Amino acid sequence: MDLDQKRNALKLKLETAINDLKNQAESQGCRIAQRRRSGYLYAVDAVRNIVLEPWFTKLLSQHGSVLKKYSSSNAIHLAEIVESYGGLNKTIKLIEAVLALRGFGLDSQQHTDYVDQVLWGLKDLRSLTPQHQEETMRWNSVLPYCALCFRLRSRSHYYCEKHHPIKSTRLYKQQKYAAITALKHLPNENCEAYEKYLVKPNKQKKLGRQLYDLVSGYAPHPRVFLRHCKDSSMSGDWITLSKNIVQTCKVTYPASYKKIKQIKPDDFRSWFSWCIAIVRCLDSTEPNVWNEKECLTLFSELNTWTSLVGILHRFECVERINSIETKRGPDVGYGANLEQHQLIKDLLKQQLATSSKTNLSEIARTLGLSRQRIHQIIKKHQLLS
């Protein structure tokens with residue numbers, strides 16, 4: 001049995017084990033937990049009889065630390081492996097770290113797919129526990145990708161994990177204002193989205209759609225791929241289709257092409273595995289998100305090739321936005337407030353004439369500014385000289 005067949009067999013075993021655990025929980029009226037708890041079903045017990053490949057266990061041992069009480073055991077069953085690395089959460093993070101290394105210890109695409117399969121199975125298992133049920137995504141929402149980049153949405157209708165307005169506030173604001181600032185330097189087919197944002201900037205539901213449209217306008221529309229790729233997709237020749245996508249990308253989306261040019265379709269056994277390799281090339285951790293069955297359908301058939309082109313388009317837009325060097329700070333984007341500066345200068349002269357000393361706190365209170373801001377203006381424009 002080759003590695004692909006073993007992976008398919010593992011996938012079936014994992015799905016069966018998870019479905020059996022669900023049914024057991026429903027029939028007994030119990031909840032499922034990641035740790036052994038009285039009155040709960042222990043999630044890890046579901047995969048107690050699943051045996052993994054020896055090379056996989058060896059690979060994890062090279063990158064992770066086994067708990068002391070398991071140091072003398074040679075675990076081959078999935079449940080034993082999970083327990084030896086400290087539970088579901090720690091094992092999932094370890095596998096994600098191994099996949100992010102891209103190639104170190106993963107001798108072929110088949111090895112990578114096998115590791116991916118274990119990861120998806122453990123995440124599916126973890127999603128049955130109460131503290132992780134909210135991570136189950138619903139894909140009937142508004143946007144196909146994150147409003148600010150090319151990644152899949154995560155626990156949000158509009159944003160990925162990296163750009164979530166609450167969970168990643170700093171990165172969200174950085175990318176949001178980078179997309180808006182880029183309007184000064186780059187043409188944008190959807191600049192009206194920014195005008196709508198200015199009219200009602202606090203409408204969060206509309207803001208996600210407006211930002212998505214704004215980001216999409218920084219690169220040519222994906223329709224340019226149709227005349228080069230449509231025929232090969234209809235003929236069912238995925239090798240030719242993939243080569244056409246790469247060649248069109250070279251001309252139309254040069255930033256994306258720099259990332260994917262080393263991914264040769266001849267090195268992969270299927271359209272799906274090549275697509276996943278492309279996505280991993282854009283972001284090494286992104287394929288780990290693709291553990292929802294609805295999401296996997298994006299690359300399941302050849303006629304879904306536009307999904308991949310959509311990701312390349314979004315990536316190109318983000319790369320163009322981030323290629324612009326923009327300075328942040330109070331002295332950027334606006335001319336100097338000369339009237340305010342004159343007021344500060346007059347107040348300084350008045351203080352010096354009265355007491356031969358300056359009181360920046362008093363000036364700040366008079367003008368409604370902070371003392372630090374007053375000091376910054378005086379120093380920058382040399383108002384005391």
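Rings of Phe, Tyr and Trp (its six-membered ring) pair if their centres lie within 6.5 Å; planes under 30 degrees apart count as stacked, over 60 as edge-to-face and the rest as tilted. The model shown here is predicted, so local features need pLDDT of at least 70 and side-chain atom pairs count only at pLDDT 80 or more, while totals for chains, interfaces and linings use all residues. Residues are numbered from 1 along each chain as its sequence is written, and side-chain values use heavy atoms, with hydrogens and water left out.

View 1. Welcome to a chain with 17 helices and two strands; helices (H or I, at least four residues) and strands (E, at least two) are DSSP runs, numbered from the N terminus. Of its 385 residues, 45% count as buried, where buried means under 20% relative accessible area, exposed over 50% and partly exposed in between (1.4 Å probe, protein chains only). Contact means heavy atoms within 4.5 Å. Among contacts between residues at least 6 apart in sequence, 63% join residues at least 24 apart.

**View 2. Trp55, Phe56 and Tyr114 form a cluster linked by ring pairs.** Look for Tyr114 in helix α5. Tyr114 has a relative accessible area of 2%, so this residue is buried. Beyond its neighbours within four places in sequence, Tyr114 is in contact with Leu3, Lys6, Arg7, Leu10, Val51, Leu52, Glu53, Trp55 and Phe56. Tyr114 and Leu52 are 62 residues apart along the chain, and their C-alpha atoms are separated by 9.8 Å.

View 3. A search of the whole structure finds eight aromatic pairs. In the one formed by Phe150 and Phe315, the arrangement is edge-to-face, at 5.2 Å centre to centre with 75° between the planes. This pair links distant parts of the chain, 165 residues apart: Phe150 sits in the loop between α5 (109-126) and α6 (169-181), and Phe315 in helix α14 (residues 305-322). Both Phe150 and Phe315 are buried.

**View 4. Tyr159 and Tyr172 make another ring pair.** Their ring centres are 5.4 Å apart and their planes stand at 85°, so this pair is edge-to-face. Tyr159 belongs to the loop between α5 and α6 and Tyr172 to helix α6, 13 residues apart. Tyr159 and Tyr172 are both buried.

View 5. Which residues of α15 are buried? They are Gln340, His341, Ile344, Leu348 and Gln351. These residues cover an arc of only 100° around the axis, so they lie on the same side of α15; the arc is that of the directions from the helix axis to the C-beta atoms. What covers them includes α16 (360-367) and α17 (371-381). The face turned away from this buried side carries the exposed residues Leu338, Glu339, Lys349, Gln350, Ala353 and Thr354.

**View 6. Ser356 follows helix α15.** You can find Ser356 in the loop between α15 and α16. Its phi is near 60°, a positive value in a residue other than glycine. Ser356 has 60% relative accessibility, so this residue counts as exposed.
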